[in-house]
Amino acid sequence: MFAYYLQLGLRSLRKNPLLTLLMVLAIGCGVAASMTTYSVFRATSNNPIPQKSSQLYVPQIDNWGPEAQQDNKGEPPNAITYTDAINLMRDKRATRQTALFPAAMSIVPADPSMLPFRETSYAWYADAFPMFDIPFLYGHGWTADEDASHAAVAVIGKALNDKLFDGANSVGKNINLNGRDYRIVGVSAKWNPEPVFYDVINTNGFDDPIEVFIPFTRAVEVQTTTNGNNNCSKDPGKGWDAWIKSECVWLGFWAELPTTAQADAYRQYLNGYAAEQQRSGRFHWAPNTRLRNVTEWLDYQKVVPQEAKVSLLVSLGFLLICLVNTVGLLLAKFMKRASEIGVRRALGATRKEIYLQFLIEAAAIGLAGGVVGLVLTGLGVMGISLVFEPDIAKLATLDASLVLLTMLLAILATVLAAFYPTWRAAQVQPAWQLKSN
Amino acid sequence: MLQIKPILAALKRHKAGTVLIAMQIALTLAIVCNAIFIIHQRLDRVQRPTGMVESDLMAIQTRFVGTEETKAGPLVKADLVALRQLPGVQDVVALNSYPLRGGGWSTGVRTDPDAKNSKGHTTQYFGDEHTLPTMALKLIAGRNFRADEIVEADPQAVPDPAVIIVSKALAEKMYPEGSALGKVIYIGDSKSPSTIVGIVERLQVPWNGTWSDSFYENSLIQPVQLTSAFTNYLIRTKPGQLADVLKAAPAALVKTNRMRVIPSERGVRSFAQVREYAYKGDRGMAILMGVVCLVLLGITAAGIVGLTSFWVGQRRKQIGVRRALGATKHDILSYFLTENLLIGIAGVLIGALLAVGMNLWLVTQFEMARLSIVYVVVGVVTLLLLGQGATLAPAMRASRVSPVEATRSV
C-alpha cells in the first residue's frame, strides 16, 4: 500500500512540476538556513566539559566597590586581583584550585634555522591538569612542590611536540621560552574544549588550543606579562611590584567543588574572606561575591555570539514562512484533485486511506526538500566564515548528526504543513464531487 | 470602481487560502523590516571613517623574544631606523595600537583633578612626532609634537604627559563650550595636567564593538615611545609601493633582529586587510540578512502566484459567467488585483505590528536600537507592490478566460 501511495504521490508531483519545484525549493531554503545557523549555535552553546560542568566554579570578589560597579548592575569584576588569587590559593578551601592567565610566551627553537614563534600559552597551578581532565601523551603535569619552588618546568601540547621533536617523547628535554630554559615534564594529548571555558574573558570563548603550560608561580617570578585583559579601577602605580599589589584584575580562578554542599561552603568562605578584607580596611563595602559553575559562567559571559542567536532566530522565522507557503501550495494542489478524491472515496477508500496517501505525498516532497536543504546547508556551512570569526566558523561542520537532523526537519516540517490540506482533502464529499461532474 | 463587497463574499469561501497569504505577508514583513534594519545598522558601522588616510598604509605587529618585557626601547629604535631606510617607505611610527586593531588602552579623563567621576572616556595612543604624518591625520588646530617632547617610557610606568594631541570628538566632550586648544585635561586619576597642543579632525578608537560605541572617536595621543617588547609599526608607503613594502618590511625587521616573533596570522597587513578583518562580522551579517530578505520575498511572491493561480483555475466557470454577462477583461483583472490588495492590506497591518513587536523583543534581548518607522513604511509598500506584481500573471490569465467557458462543464 505504501509503495502504491508513493507511486501515486510521485505521479501527482510530476503532473505539476513547477509547483512541486517551488515547494521543494522553499522547504530546502528554509531548512538549510535553519541548519546552517543552528550549526554555529550548536558549536557555540556546546558544553565544553560535560562530566564536570557542575563541579568547576569561578569565584568573583568585588574589590572595586559599588561605585565602580554601577555600569555592571552590581556584579563583581570578571577577573580577580593577584592579591585575592594568592589568598584563595593559600587557603585551599576547594578540592582543587588554580589561578591562571594567558602568558605572553614565545618559543625559541634550538634549531638556529628556525625563527622564534608564538603559541597559545597559559600559566596556572599543578591542580589544573587533573581538574580540567587534561589527557597526557607522555609524562604528566608538574607537582604541587614544583609550584611551591617556582620550578622552571613546562607541559607542551601535541602539536608543539610534533613541531619541535617530531612527535617523539620529549619529557626531560628543555624548551626555550622567552629566552629561558624550561624542562618538559609532560606532553598533553589533544585537549580542545569548545568553547574554551577556562578563559572566556580573554578569548570570548574561542581560541586555538593551548600548546604551552608553565607554573603560575614561575611565570610571576620572571614577570611574565599577561596576554589578556588587565582592568584597573584606578592607577596601579609604576612598575611590576606596584601592579601585582594593585586592585587591577587580570587573573582567572577555578575551584573544583564536587558536591553542592561543598559549593555552599565555598560561597560562605568567599563571603567570610570578603568580610575579613572589609575588617582589615581593604574593602569599604559589604561582601559582594559570586560563585558560578561552568554552565552558569558561560551563560553569564554571553559566550554564544549575538550574531549566532539573531541569525538562528531569523532563520527559524524564515523556515516558518516557508512552511506557511507550503501549506498554501499543498492546499491548492490537493483541492485541485477534489474530483479524484471523490472517485476514490466512492470506490471505497476510507478517510484514513486518503490521509495516508496525501501525507505520503507530502513526505516525498519533504524528502526532496531535505536533499536540496542538505546541499544548501553544505554551501551555507562553507560560507559561514563570511559572517563569523574564523575561530567560530571552523567549529561549524556538516557532520552525520547535522545531516540526519536536516533530513528529519525537512520531512517532519513538510508532513506537519500537510496536515491541514490533507484534512481538507479527506473532508471531500464523494457524492457532491460525482454529482457536479 | 472597486468591487469590494463581492470580493469579501468570495474570500469568505476561501478562508484558509486567504489567511495563509495574509499570514505569509505579515511574517515576511516582520522579518524583512528587521533584517533591513540590521543591514542598515551594520553598514553604517562599516562606513565609519578612521580619520586616517587608509591607502598606502600598512601595519606590522612584532614581539621581541628574550628581552625583558619593558626594556625593548633600543630594539624598537633599531627597527624604526631599518624601516625608514627601506625604499618605498615614506614614514613609520611605533605605536601601542591603532584604529580597528582590536586591542588597546582606554581610560577616563577629567577637566577637574578633584572631580569624583571622569568627564569622558577615551583611548590612549602612545607615539612620537611621526604619528600624525604616518596616519595622515588632519590637524584642525594647534601643532604636532616636537621631537624634544617625546619621552621613552616603560609601559608599566608611563609618566603623565605635559602635552597631548586629542581628537575633535574628545575636545568637544571635554570642553563643550569652545576651543579646547591650550586647555588642560587630567588622564585617569592623575593630578598633573596635560595641555592640549593639537586637535585632529578625527581619530577612531582601536575597537569596533558596540561597547565602544559611546566613545568611538574619543582619542588622545601621548608623546611617548613605549619600551615594550610588544610593538605595532604603522608604515606609510610612497604612493603605489604598498605591495613591495609589504614584502620588504618584515624581511628587513628579521634581518635587523631575528629574536622576534611576527605572527604568521595578521602579523603583516595592509590597512585594507585590517579594515576587512575588523568589519568581517558586520559585513557578513549584512550579506546574510540581505540573502535572507531576497529569498524570503521570492518565496512569498511565488506562494502568492501559486495560490492565486489555483483560485483562478477554480473559478474559470464563474469568470466565464461574468464575462458572458458583460464584464470586461479589465473588470476581471481588477477583481483579482483588488482581492490581493485587500488580503495584502490585512497582512501588512498585522505584519507592521509583528515587525515592531519583534524589534522591541530584540531590543530587550540583544542591545539593538529601536526600529525606525521608515523601515516599516518601506516594507509595507514593498510587500503590497510585490503582492500586486505576483497576482498580475494569474490575473491576466483569468482575464483571458473566454465567456464560452460559462457554457462548458468543468
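This report walks through the domains, the chain contact, the helix packing and a few backbone details of a predicted model.

## Before we start

Residues are counted from 1 along each chain as its sequence is written, while chains are lettered from A and ligands numbered from 1 in the order in which they are written. Since the model is predicted, local features need pLDDT of at least 70 and side-chain atom pairs count only at pLDDT 80 or more, but totals for chains, interfaces and linings use all residues.

## How each chain is divided

Let's begin with chain A. Its domain assignment gives domain 1 (2–45 + 305–436) and domain 2 (56–300); bounds like these come from an automatic or database domain assignment. Taken over C-alpha atoms, the centres of domain 1 of chain A and domain 2 of chain A are 50 Å apart. Where they touch, domain 1 of chain A and domain 2 of chain A put in five residues each (two residues are in contact if their C-beta atoms, placed from the backbone, lie within 7 Å). On the domain 1 side, α2 and α16 (390–393) of chain A are the elements that give two or more residues. Helices (H or I, at least four residues) and strands (E, at least two) are DSSP runs, numbered from the N terminus.

Chain B is split as well, into domain 1 (4–46 + 281–407) and domain 2 (66–258). Here the C-alpha centres of domain 1 of chain B and domain 2 of chain B lie 54 Å apart.

## What the UniProt record says

A quick caution: UniProt positions are given in the numbering used here, feature names are shortened, and annotations may be inferred rather than shown by experiment. In the model, residues 313–430 of chain A are 83% helix and 0% strand, with end C-alpha atoms 44 Å apart. Residues 291–403 of chain B come out at 87% helix and 0% strand, and their end C-alpha atoms are 44 Å apart.

The record also has a "transmembrane region" annotation (unreviewed entry). In chain A, UniProt lists residues 312–334, 355–388 and 400–420 for it. The span 355–388 of chain A is 85% helix and 0% strand, its end C-alpha atoms lying 44 Å apart, and residues 400–420 of chain A are 100% helix and 0% strand, with 32 Å between the end C-alpha atoms. In chain B, the annotation covers residues 20–39, 285–312, 332–361 and 373–393. Of these, residues 332–361 of chain B are 100% helix and 0% strand, with end C-alpha atoms 43 Å apart.

## Where chain A meets chain B

The contact takes 44 residues from chain A and 42 residues from chain B. On the chain A side, the elements giving two or more residues are α2 (17–44), β3 (106–108), β4 (117–118), α10 (240–245) and α13 (306–336). The biggest giver is α13(A), with 19 residues.

What kinds of residue are on that side of chain A? By class, there are 25 nonpolar, eleven polar and eight charged residues. (Ala, Val, Leu, Ile, Met, Phe, Trp, Tyr, Cys and Pro count as nonpolar, Asp, Glu, Lys and Arg as charged, and the others, Gly among them, as polar.)

## Two helix pairs in chain A

Two packed helices are described by the angle between their axes and the distance between the axes. Take α2(A) and helix α15 (residues 351–383) of chain A: they pack at about 45 degrees, with axes 7 Å apart. That makes α2(A) oblique to α15(A); angles under 35 degrees count as roughly parallel, over 145 as roughly antiparallel, 65 to 115 as roughly perpendicular and the rest as oblique. Axes are lines fitted to C-alpha atoms, for helices over the stretch in contact, and angles run from 0 to 180 degrees between N-to-C directions. This contact has 13 nonpolar, ten polar and no charged residues.

Next, α13(A) and helix α17 (residues 400–426) of chain A pack at about 35 degrees, with axes 8 Å apart. Among the residues meeting here are A:Leu319 and A:Phe334 in α13(A), and A:Ala413 and A:Tyr420 in α17(A). The contact of α13(A) with α17(A) has 13 nonpolar, three polar and one charged residues.

Most residues other than glycine have a negative phi, and most peptide bonds are trans. A:Glu194 and A:Pro195, though, are joined by a cis peptide bond, with omega about -5 degrees. A:Pro195 sits in the loop between β9 (180–188) and α8 (200–203) of chain A. A:Lys92 has a positive phi, near 45 degrees, and lies in the loop between α4 (82–91) and β2 (96–102) of chain A.
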